[in-house]
Every structure is written in C-alpha cells, then in structure tokens.
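Have the viewer open and follow along.

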Number of protein chains: 2
Amino acid sequence: MSSSPLHAIMNPSSIAFVGASNNLVKMGSLQCLNLIHSGFSGDILPVHPREDVVLGKKAYHFVSDLPYAPDLAVLVVPTGLVPDMLEDFGRLGTRNAVIISGGFRETGISGKDLELRISDIARRYGMRFVGPNCVGIINTQLPLNLTIAPVRDYNGRLGIASQSGTYVTQTLPYLHKHGITVSKAISIGNGTSIDIVDCLEYLGDDEQTAAIVLYIEGIDRAGDFLDAARAISRRKPIVAQYVGGTEAGARAVSSHTGSMAGPDYVYDGLFKQAGVIRADTIEDAYKIGWTLASQPPLEGSRIGVLTNSGGPGTGIANMCNQYGLEVKEFSDEVQKEIREFIPGYASAKNPVDLTFHMDMSVLAEKIPRVLFAADEIDGVIIHGIMDTGWMDMLFPILKPMIDIPREDFLNMRKADISNLTDLSFRHGKPLIISSFFGDEDHALNAFNRNGIPTFDSPEKAGRAMAALYEHFLIRNMPHDKPDTGMEMPENVRSIVDSTDTQAFDEYTAKKILREYGIPTTREFLVNTIEEAVDSAGAIGYPVALKVCSPHIMHKTERGMVHLAIQDDESLQKAFHSIRSKDEKSAMLVSEMLRGNREFMAGMTYSPGFPPCIMFGLGGVFTEALKDNAIRLAPLSHSDAVAMAESLASRALLGPYRGMQPVDMDAIASMLVALGRLALDFPQIREIDLNPVIINDGMPKVADALFVRGV
Amino acid sequence: MSSSPLHAIMNPSSIAFVGASNNLVKMGSLQCLNLIHSGFSGDILPVHPREDVVLGKKAYHFVSDLPYAPDLAVLVVPTGLVPDMLEDFGRLGTRNAVIISGGFRETGISGKDLELRISDIARRYGMRFVGPNCVGIINTQLPLNLTIAPVRDYNGRLGIASQSGTYVTQTLPYLHKHGITVSKAISIGNGTSIDIVDCLEYLGDDEQTAAIVLYIEGIDRAGDFLDAARAISRRKPIVAQYVGGTEAGARAVSSHTGSMAGPDYVYDGLFKQAGVIRADTIEDAYKIGWTLASQPPLEGSRIGVLTNSGGPGTGIANMCNQYGLEVKEFSDEVQKEIREFIPGYASAKNPVDLTFHMDMSVLAEKIPRVLFAADEIDGVIIHGIMDTGWMDMLFPILKPMIDIPREDFLNMRKADISNLTDLSFRHGKPLIISSFFGDEDHALNAFNRNGIPTFDSPEKAGRAMAALYEHFLIRNMPHDKPDTGMEMPENVRSIVDSTDTQAFDEYTAKKILREYGIPTTREFLVNTIEEAVDSAGAIGYPVALKVCSPHIMHKTERGMVHLAIQDDESLQKAFHSIRSKDEKSAMLVSEMLRGNREFMAGMTYSPGFPPCIMFGLGGVFTEALKDNAIRLAPLSHSDAVAMAESLASRALLGPYRGMQPVDMDAIASMLVALGRLALDFPQIREIDLNPVIINDGMPKVADALFVRGV
C-alpha cells in the first residue's frame, strides 16, 4: 500500500461535504450530487447551517454535530469561512480534506496570509489537504468523484494531476469521446499541502495507473520532482505540459494559481533529466498519455504503416522519420504475402497502400495479421478503417436507388476489429489508429472502447508512436545516480569566506574550480612588470595578460585583456596599457591555449529549483546561437554526458574536421563538479565559465566569474 | 474571367461520364451518382458498352455515339483503355477531361510510357486534363462534384488542391464537422496536364476562394510555383503541407503519385520566399486554412484572451507569445469595464479569467463587446463557450432531482452567439473559439455553421491566431522583384568555356565571382618561389599560400593550405612543403583577412527546382550547426536580406560584441549575383563559397569551389 498522504484522501470511507444545498444551480450542490451519483459506497454527510436534509441526505447544522469524524472533509464555502471550518474538522479528528474554495494566494497578499493560516491549522492537527482553489479529485476505482462533471468510464488507466481544474472537469466528456479512461485525477489548485510532487509520487505507486499526465504551471520543489520523476519514468511513462515559460504565460500563471513560473529552458532541462515526455498542447498531453497508458511498450524503431490512401500513408511515414522512427521496406517474403490481398497497382512496400477498398477485413484483419506475425516491425499504424460513418455519408446518394433502411445500410460494411485489438496485445506490439471519422463511426467507437488510441490526423498518429519510442529510449537511459556523499574539498570554505566582494575575482574563482578538480588555464597573479615577465617565462610565450579585480566587469570590452602576447616587450606594453586604465588592481598572466572549439559552462537559479548547471557553445557564439542545455544539481555522470550530447552543435565534440574528439568524461566530470560546488556554496548564485577551451581534446576553463547572492 | 485552363474544366455545362454502371458497388457508379446528386444542372451523358440506361440517365455505347461533344469527359476506366477513350473524345471535339483511372507513372516504366502517350494525344487535340490517378474535382458554386463523397456545404470559401485524393474525398465529412466549407477542390493526381501550379493560379484568381490549402508531395515547376505564389500570397493566404522531405516520405511519395520529392529545407526555403504558410499536419493545413479563409485579416500583434478557466487561458497566452503575438495587460479603463461582469477574485487583466460561470452571455456577449470596442486588441480568442453539450453532461446527475424533459433541460442555458459572430465581422477583427466540446454542442455548432473557426485544444487556437499574424507579416513583405534584365558580364562566357575540368580551380572561380561583383580575397597565381615572394610583397604580410588545382579536393586536410604566413622565409618553407606533395600545380598567394565571423554562400540543385541559393554560418561551424537558409534564383534584394535575417545566428550580422554590423546590402548583392551567375551558367551545378569572411563589416569570399554537371 502506498505511503503517500494522498492515499487516505483518495480512498475515504466517509465524507463530510460542506457547501452543498438544495439549490441545484450552486457549484457545491452539483459536486455533491455528482459524488452521490458517482457510485461512492461510503457515508456522505452534508453540513448545512439551516437545512436538515440536503440532496436527500441527512444534513448536520455544524461540524460539531457530526456523529463521528469522517475520513474526508470537502469544503466548498466562502473563502473567509475556510479556516474555522478546517479547525472544526481538526478538532473533530478528521485528518484529510479537499478545499475547493478559491480566493487565496492567487489573489494577492491578504489571500496569501489566509493560505498560511490554513497551512498552520492543518499542521497543528496533522491534517493534509488537496487545494485550495481546486475542483476536487476523482478515483474511478473506489469509485469517488468530487468534481462537477460525471465520470462515465470506471477502472481507467490514465492518472492525471493538474494545476488547472478544467483539465479534470470540463475535459471529461472530451476524454470519453476519445476513449481515454482515467484511473485517478487530482486537481491540485494552489498545492498548499499536497503539491504536484505528492501527486506524482502517488500516481507513480498506484497500480491502476498505467501512465501519468501532468499539467504544470510551476513547480516549487523541482529537486524533489526530479528525484521522484526519474525513479518513476523508467517503469511508468510521464507526460507533462508546461505553460509558464513565456512572459504572457508566467503572468497568466500568477493570477491563476499564484505559482512562480520559470523560464521554459529550465523546465525543459528538468523534463529531459527526469525522463518526462513533454507535450506542447493539452490535446497532446492527453492523447500521448493515453497511447502510453493503453499500448504495450514499443521495443524498437521499426514501424509498419498500413493505409487505404497514399496521402495519409506518406504523412505518417514522413512524421515517423522526423522523430527517428524507421519505416523500412518490407522483405520480399512479407511483400509477397501482402500482395495477395491488394490490387496489382497498389504498393506492398511500407507504407502499404491498399488504395481505396470497401472490404474492411483486408485493412483491419488480413494484412495486420501478416504485419504483426512478421519479425520486421515493432509497432503498427493503420489509417482508413471506417464503416458506419462512411456508409452514413454514402446513404443520401444511394437511398433513391436501393430499398434498404438506413440502419441496415450502415451495418452492411461493419468491420470486425476484435481480431485487430487482440493482435496488438497478443504480440505485445503497439497499434495506433488514424481516421478522419470519430466516435460516431462504429469502427472508431470500437477502437475507442477497446483501448486502442485513435487520431484524427495521420501525422498525429505518427507523433504518438514517436512518444512510445521516446519512452523506449527513457527506459534504456543509464541508471547511475548522482554521487552525493563526496566531501567538500579542503581550503575552499576559507577561500569563499575570506572573499567579501559580490563578484569573485578571476584568480580566486579559478583557484576554487581547481580545488574541485576542474581544469583551468595555468596562471600567476602579478603586481609588477618584473613578476609578469618572470611568470611569462615560467609559462612560456604566448601568454595572455588581464586585469584581475572583483570590481571590474566586461574587462575585454574595456581593453583590459591582451591576448597572444609573444614576447617580453609586448608584455611590458600590455602591462602599461592596463595600468594606465587602473592604478592598483592585480593582473593575471595566463597561458594561451590553442583550440578552435570554445564552450561555456555555468550555474544559475530559478524559483523553486536547485542550482541549474548549464553547458553550451561558448566564446563569441554564446549569445548569437544560444545553444545550451540545463540540468539540475546534483548531476549524475550520465546526466552530464546527456546534456553535452543534446547540443545542436554536438558534432563539435566529436572527431570534427580532423580535430581529435573531446574527452566526454572530462566534460562530464567538470559539470558534475560544478554541481557539487553550487550545492556546497548556496551563497554563490551565479557561475559563468566562458570560454571553456578544448585543448588537445580536453576542456580547460579560460575565464571564470562567480557572483554571490545579495 | 480566369484565363486558366482549369476554368473550363471546373465549369462545364455538359459532362460525359465513362465508367459508371448500374452496379452501385463500383467507384465509377458512386462518383456518377454523386455528380447527379450534387446539383449539377447541365447534361450528364453516361457512356457504357452495353447498358442503355445508367443510373437513370440515357447511356451511349460508344463515345462516337454521343449526340454532341460534351464540355468535359470523365474517365473511370481500366488503365489500358484510357488512351483510346481520350483519342475518341479528342476526335469528337471535347477539350477537357478528368482522368480518374490510375496505373500510370506511379507504377513504373510502362506506366510512364502510357502517361506520355495520353499527354501526346491531349496535345494533338489541344485538350487539358486533370489526373490521371486522381479522385476528381469539386466546385461548390456551380455546383459540381465528381468525387465519391457528397458535399453538404455550398458556396464555400476554402480552395483546396491536393496531390492526395483522400484530402478532397475521405475528409469531406471531417471538414463539415469542423464547419469548414470548400469553394473549389482539385485532386491533382499525377498532375500530367494540369499541375499544382495551374491549380494555384486558378485558385488565386477564383473570387469565391478566400484562402488556399495545398497538399504537396513534390513540385515539378518550382520556379513557376514561386512566381505564382508570391503574387497571390500578398492578397490571398496560401497554406501548404509538404511531406516528401524525409527518406520514408520520399519513398512513399514515389509509389503514390510518382512525384520526385526534394529535401525538406529546399521546400522550406521555397515556401518562405513565396509567402506560403507551412502546416505540419493535414489537420493544421485545413484548420489554419479555414481560419485564414473565414476571418478578417489580423492587422497587428495584440491579442485579447477571454476564458472561463485559468488553464486554457494560460495555454493560449503562452502559445501566442511563442509565436510573437502579444497578450498584454489591458488598460485600467478596460479592466474596470470588464470587472463589472466578473467575480471579485477573477482576473480582468488579459487573459481575462471569468472563472467557472453558468451564464454564457458574459463570455459570449458582454465581455467580448468590451474587448472588440476597445482599441487595445487586434484579435480575440475565447475559450469555454458551451451550452447543450455541458447541460447534456449534467442531465444524468440532475434528472432524479428535476422534472424537466431532456430537450428542455439542454436548451435552458443556450447561448446566443449571433452578437458575437457579428462583432468580429463588424469590427473587422478575427475571432477564434476554443472548446472541449464539438459540433454536438449547440454553441459550437452555431460557430461552425457561421464561419467562426473552432479548436478543441486551447493551444491550437493560439497557433491559428499566429497563422493570421504570419499572413499579416507576409502581406507587409517588401514587394521588390528580382532584376532579370541584367546582362552577363563580359569575358565570363569565355572563361567558363575554356575550363574543361569538372571542378573549377579556385583562382578561376574567384575570377568569375569578381566579374559578377562578388568581392573575394586579393590574390595572385604563382608558379615559382620568386613569384610567390613578389606577390606577398605586393599584398603585404601576413598572407596565405594554397595549392590551386581543379584536381585537388580537400586541400586543407591534405596539408596544402598554409595560413597566416608572416615573412619571406616562412613563405618559402610553405612553398616547398606544398611542392613536395604536388610537383606541378600552381599556387595562390592570398591576403589573410582579419575577421571573427565566417559565413558560407552556395548554390545547389534539387529536382524540378531552379538553382537554389544558400547562405549560412560557415567556416569550422558549417556542418556542426547546419544553420543556413535557401532561396530560389533569381533572388530579389529583399529575398536575399530575408534569408540572412532568418538565420539562427543572425545576431552575428548585427553590431555583435563590439564588432561593427555587417553591411546587409553587400550580403544581399552577393547572393543576388550568385543567383544570376547560376542562371547564366546552368552547366555549373554546384557552388560552394566557404568561408565568406566578414572583414570590417564587408563579406569577402576566401575560398570558392565550382562544380560542373557531368
């Protein structure tokens, strides 16, 4: 049994409902009525200040009148009444609540105070609650439904946790129409006591839930989310939509659930690291989620495409290819078997294009049997199975010519799809259906009711297959965990503590990096021309000379960096030039690295996130190309390798244009160490290592900036 | 009246139909029946070898039996019969045909021969035909429908030309369900006589057609397509899907319509240059096309978002922002007006989140009135209007409590949307609806039947608004045309003619470039050390020394390029080094350019395309970042500027990191000239100028390769 606090909330045996009345136009009444009709078999105890009977159930005027402490309290009351009500239930002994009422932190300062108050009350009584500012919860197994919309499919497979109530209420008829069945659904609201991480952990453990869909406006515990998601995603698919990544998105989020949204690329990095499949639209979230929940896992990249039309077949093949799936020509044997069922001019290659055909058994039975039996595919997409919808379309033209009632006519070409659904599950290979007809067509309806995902655009069927492939890759991601037991290098604490400026000077920053095993350019701190010349002698020309001060930013733009100095004389000139602009700062004499490839590494913070480590193309191209990746600290070795490999410019890391390949272990060690450094010193809020020059295949930090928090 | 050959085909007053019988299971019979029922008011003359009456119409046994030459012949006959039939109609005097029959070039060599034969016959008689291998044509104005699927909406607005028959047949019920009405639809098939360019030109001229959707598997006349599309797209939106850009896509295309597909980036460049809006799925093509066909043009980037729920509002705002649209907070005055209609805790900012509300007049009338009247928005997206669908969902829970028949209950909250549709057209500002209910909901159905586009995912509504914005930008693209009247520079023909190798040596290639006004590095061709030293003296150190031979590829990798030579001694050493690897080739002494920014320009061919000019990031990053753009020659100045500005790395062209901005006129002139050169010398099949170094803000070609066709 799950240890999640949600387990008790989702499985009560008795429910007190405050806020329902006999006025059916009120939200609370509708929700309570829906609860009554959802099939919930436990006690339902309405609380109402005046009524003795509410919606046919005996009602209690005060919480203190209740005959016992119910397992769950549901509050749909004006904002101001919530604290006292919660207190009443706490005193009574109820430990779980769903607070539907809104008007808390999403409305501003005073709402935030009120939200803190209910948190306090809950903490005092050891209570946990979903909400506030939510629409309730659904458990189709118990069953239990606290939302306003009725559930029609019980014992479903898709688990949903959403920071928008609409996506577990208004969309229920939509989900039914698309054959999507829900296991558990949680409207998180402001997530004050039960947040999205709790929901994720609960759905991860829930046996009924085959895949998880998350609608996210902001995560307050991104580190915990990462830990939970990466453990779950390797066995159970997680699909997420995140909408707070733009200016308008973030502003809308703030007035909706009061969440702090972060930049899109930070969430993108989190999802990649956690093995979460990202959806761009709520439609994709649901339909990709359903494909993952309903189908056997895809175990390879070979897709068979079968259609009754060239256009959709081409669209599917093209989309599959774009996402890295293969649509290879079948072997001669398989093509021969297929050709028995298709006209001479049709193509048996893959896509198989049967061309227009009235006998649905070829498309829905005979050729699929060949495809699933052959060892040449890992998954199948079929476009064009349709029956009553098509016949219904033809009926008006044929009616004058034939003497058959409409019903009989529609059923004349009914497809038997039971064999097809069976084939998919028996062979353990996924099947996806594309059709321009919807649930009104008998065949499509049968797919929808039998757990086969259907799509109304061929390319979307291809995209859904790509999501199955994405989960195949996630399941096969390396399993290594971040090493969190390492001790902080000696001396570093004293270096950091003795720095009293907001920015660290380059020399100090690099000293700290080297303590963490991050290679930097070789260099000396100098104050006089003599020291500079001696240092250059020790390093060997060419060298670089730069000002070294925590107070001087943009030193290159200010002409205080001289590169590729070839001899003593030039060095002296450079020294004088810098000195003329700054009278007292020390300078750095550094080795000049040879290398055509420049990267950057760094660290940044985002609200609710642990330190975010960044790696990307650096040097002069940093801002122009913005080619970088983010992962959250602590990083595992594989996290670090994966982020480097995700760059658009990743070819530069390989044996590129005669240059030797970059040592990926060295890159990964650098990034892992950067994450440790960031976690060891939370007072450092920003790190910028740029450029990191690739020298003989090894990365070396040539410039470094650390900034402390204010 | 249109001069297009399609005009006659689309508007016949009499039709001979070969291939219909009284066997209703045959395709031809169904199509003819559909024609009869489509409301076509002219003569329909079936031709059948044995029957005297077909589908209730007097039939003729032979074409030669026909009483007169009908305007249009439709052939749904076995492939082998097509040539003789066409000949018969030609002899009779019919000048237009639609050839449904397949089995031509899409099946291989013998089919290709047969296709040539029917082309010949048509040419001899001055006939034009649609097809073969198509499903027919639709004109909802005449009306006329030759496809198998009935049309339900007449006098529609969206023009469709498709290289897949499915997209003008199987999808008709889908289009109806989504409220999309068709003006003209053409199934192009193999496009032998009437191709996609003819269709585009016809739909461009057609007054009934408000926007055009193209489904493309390959274009044989890309230059003509460009000319036609760029003239049309500035007044009438064109949306296109292209599916031949991947290996699997191209293979599927070839066995479908026998088209030659080209790489995706070439088509992408063509679409951008032509002002064609690209769709990734056929759903997007239809629905974006319909938004453009049905709505007033968007005249700015300010979008008002109105919802009854925070999640969809956030999703819409986020998607709008991603595509460059603004969702700005409304002014205090507008917010004040809105607040009169919404609860205190709801947001009036934009998105306006009314929160859940049963009174649809607020969402469908009162707030929209404020939004459209205010001068703060250019377009509006509304999510959440719904009535009977929602009530139908509630009915089962409320039924036991109320004594109202279902029909009456459903109608209790019916929204009046007539004011809303009117608002949009009266203010000349587009309106887009998002809802999780479909055509089964009265409100949605009303939008669908009244020309307001509806979307079942909030983000898709945002994406559709972005397409309106894309067309706003296209309408405002510069109008300059390529200058095609310029003469070929003197001397160039003789230089090209006197080159007898497949590759041109670098010196010759650069000489030709300079003749076209394209700046290159300054350089001398040398054969001896003395000449080399003299040349270096004339140019001034540092210089580069490279081998110069049409036979030596990859000279850098082979150690035959020496850069940054500082003095005579090093030059002599470099000379000897190259000479030791190659005994006789000449060498080039070139100036060494200073510049951190390296680009590339080039020319390539793709099947059916004129020369494609390429510009992108060059030097060491060329293959690693693949950041480039393509346009077709001849290029206008604005084409060239637009392609440079479309680069991901375009920031490098600006005043980047203290470097001076690149002279965009110089870049554009170079690309325009490259296009002229390519058109002047079609025997040159490939040009690669890489790197093009930016030196003091001006581009200079540092290396050049021309390859002749074999």
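Among contacts in chain A between residues at least 6 apart in sequence, what percentage join residues at least 24 apart? The figure is 71%. Before going further, keep in mind that this is a predicted model. Chain A averages a pLDDT of 94, and 100% of the residues score at least 70. For the complex, the predictor reports an ipTM of 0.94 along with a pTM of 0.95.

Staying with chain A for a moment, you'll count 25 helices and 30 strands. Its C-alpha trace spans about 105 × 80 × 40 Å along the principal axes. The chain has 710 residues, and 57% of them count as buried.

For a look at some of those strands, zoom in on E18 of chain A, residues 431-434. Leu431(A) and Ile433(A) point one way from the strand, while Ile432(A) and Ser434(A) point the other way, and all are buried. E18(A) pairs with strand E17 (residues 379-383) of chain A in the parallel sense, over four bridges. It also runs parallel to strand E19 (residues 454-455) of chain A, joined to it by two bridges.

Now zoom out to see how the chains meet. On the chain B side, 81 residues are in contact with 81 residues of chain A. Several helices of chain B give two or more residues to that side, among them H2 (27-37), H8, H10 (282-294), H14 (388-398) and H18 (458-475). Which helix gives the most? That's H11(B), with eleven residues. By residue type, the side of chain B that touches chain A divides into 38 nonpolar, 31 polar and twelve charged.

Helix H8 of chain B covers residues 247-256, and nine of its ten residues are buried, so the helix is largely enclosed by the rest of the structure. The buried ones include Ala248(B), Arg251(B), Val253(B) and His256(B). Just after H8(B), Gly258(B) takes a positive phi of about 70°.

Next, a helix pair within chain B. Two packed helices are described by the angle between their axes and the distance between the axes. Here, helix H13 (residues 360-373) and helix H16 (residues 418-427) of chain B pack at an angle of about 10°, with their axes 9 Å apart. Angles under 35 degrees count as roughly parallel, and H13(B) and H16(B) are therefore roughly parallel to each other. H13(B) brings Ala364(B), Glu365(B), Pro368(B), Arg369(B) and Phe372(B) to the contact, and H16(B) brings Asn419(B), Leu420(B), Leu423(B) and His427(B). Those residues divide into five nonpolar, two polar and two charged.

Most residues other than glycine have a negative phi, and most peptide bonds are trans. Against that background, Leu55(A) has a positive phi of about 50° although it is not a glycine. You'll find Leu55(A) in the loop between strand E3 (53-54) and strand E4 (57-58) of chain A. His554(B) also has a positive phi, near 50°, and sits in the loop between strand E22 (543-548) and strand E23 (561-565) of chain B.

Are these two residues buried or exposed? Leu55(A) has 22 other C-beta atoms within 10 Å, so Leu55(A) is buried. His554(B) has 9 C-beta neighbours inside 10 Å, so His554(B) counts as exposed.

Chain B also holds cis peptide bonds. The bond from Ala633(B) to Pro634(B) is cis, with omega near 0°, and Pro634(B) lies in the loop between strand E27 (628-632) and helix H24 (637-645) of chain B. The bond from Asn690(B) to Pro691(B) is cis as well, with omega near 5°. Pro691(B) lies in a strand, E28 of chain B, which covers residues 684-695.

Note on methods
Residues are numbered from 1 along each chain as its sequence is written. Chains are lettered from A and ligands numbered from 1 in the order in which they are written. This is a predicted model: local features need pLDDT of at least 70, side-chain atom pairs count only at pLDDT 80 or more; totals for chains, interfaces and linings use all residues. A residue is buried if 20 or more other C-beta atoms lie within 10 Å of its own, exposed if 12 or fewer, and partly exposed in between; C-beta atoms are placed from the backbone. Two residues are in contact if their C-beta atoms, placed from the backbone, lie within 7 Å. Ala, Val, Leu, Ile, Met, Phe, Trp, Tyr, Cys and Pro count as nonpolar, Asp, Glu, Lys and Arg as charged, and the others, Gly among them, as polar. pLDDT is the predictor's confidence in each residue, from 0 to 100. Axes are lines fitted to C-alpha atoms, for helices over the stretch in contact, and angles run from 0 to 180 degrees between N-to-C directions. Angles under 35 degrees count as roughly parallel, over 145 as roughly antiparallel, 65 to 115 as roughly perpendicular and the rest as oblique. Two strands pair if DSSP finds at least two bridges between them.
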